[in-house]
Amino acid sequence: MQKDLGDYRKTYEKSELTEASIKENPLEQFQKWFYEVEASEGVDEPNAMTISTIGLDGFPKSRVVLMKKFTFEGFIFYSNYQSEKGRAITADPSVCLSFFWPNMERQVIIKGTAEKIAENLSDGYFESRPHGSKLGAIVSDQSEVVPSREYLEDKLKKLQQKYESKEVPRPEYWGGYLVRPVSMEFWQGRPNRLHDRIRYSLQEDFDWKIERLAP
């Protein structure tokens with residue numbers, strides 16, 4: 001099997017990223033871009049991000065999750081702490097997040113460390129979830145091998161009966177992570193592949209060093 005993709009071409013001409021236009025703090029720059037993507041057309045889930053971890057087998061692994069909040073501290077998402085992703089973060093909290101917004105020809109790459117958020121914050125978010133999503137968090141032993149789809153659906157039916165008129169408690173093994181950035185790179189597509197790349201690096205005095213990178 002073979003397919004040659006050498007003729008795939010795209011011209012990037014929608015915007016530019018200059019030192020004169022960027023914010024001094026990368027979280028403010030991220031907020032600016034995120035709001036612009038939200039207001040644009042062509043992205044169903046602007047909060048979809050790829051998170052890469054170093055697995056227990058020594059291999060990096062990337063998967064798409066949904067960012068649920070960002071603040072001046074960093075980026076928050078939720079997951080099963082006992083999943084493959086969760087076990088990897090426990091062993092090595094160094095992670096990489098990336099956002100790709102093709103309609104705006106933009107990409108953001110974030111290196112940082114992940115840590116669990118406070119239990120009351122995880123409780124608050126879990127309570128806000130739809131009933132079915134709460135049950136799904138209990139049904140799924142995330143990343144574990146299961147015998148069949150029917151096995152999961154049978155577990156769900158039993159839980160639906162159990163919690164038909166009850167509040168669903170947050171499992172102790174499910175909650176949020178905060179990724180505190182140490183580096184954030186903003187990529188803006190430009191003509192002739194001379195893309196704009198601006199990197200913010202956190203310094204020991206907690207100021208951000210801003211540098212332009214070659215495309």
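Student: Okay, what kind of model is it?
Tutor: This is a predicted model, where local features need pLDDT of at least 70, side-chain atom pairs count only at pLDDT 80 or more, and totals for chains, interfaces and linings use all residues. Residues are numbered from 1 along each chain as its sequence is written, and side-chain values use heavy atoms, with hydrogens and water left out.

Student: How many helices and strands are there?
Tutor: The protein has 5 helices and 9 strands. Those are DSSP runs numbered from the N terminus: helices are H or I with at least four residues, strands are E with at least two. Along the sequence the pattern reads α-β-β-β-β-α-β-β-α-α-α-β-β-β.

Student: And what share of the residues is buried?
Tutor: 37% of the 215 residues count as buried. Buried means under 20% relative accessible area, exposed means over 50%, and partly exposed is in between (1.4 Å probe, protein chains only).

Student: What about contacts along the chain?
Tutor: Of the contacts with a separation of 6 or more, 63% are between residues 24 or more positions apart. Contact here means heavy atoms within 4.5 Å.

Student: Switching topic: where's the largest pocket, and what lines it?
Tutor: It has 18 lining residues, with Y78, S79, R129, Q142 and W174 nearest its centre. The elements giving two or more residues to that lining are β2 (60-66), β4 (75-80) and α4 (131-139). The space inside is about 360 Å³.

Student: How do you define a pocket?
Tutor: On a 1 Å grid over the protein atoms alone, a pocket is an open set of points where a 1.4 Å probe fits, with protein on both sides within 12 Å along at least five of seven lines; lining residues have an atom within 4 Å of a point. For the volume, grid points are joined across faces, edges and corners, and the space filled by probe spheres set on the points is taken.

Student: Is G175 buried or exposed?
Tutor: G175 counts as buried because its relative accessibility is 0%. It lies in strand β7 (residues 174-188). Leaving out residues up to four places away in sequence, G175 touches F77, Y78, S79, Y81, S122 and R170.

Student: And which residues does K134 touch?
Tutor: With the neighbours up to four places away in sequence not counted, K134 touches F126, E127, R129, E167 and V168. K134 sits in helix α4 and counts as buried, because its relative accessibility is 7%.

Student: How far is G175 from H195?
Tutor: They're 20 residues apart in sequence and 37 Å apart in space, C-alpha to C-alpha. H195, in the loop between β7 and β8, is 178 residues from L17 along the chain, yet their C-alpha atoms are separated by 8.9 Å.

Student: So is H195 buried or exposed?
Tutor: H195 counts as buried, because its relative accessibility is 11%. Among the residues that H195 touches, beyond four places away in sequence, are Y12, W187 and P215.
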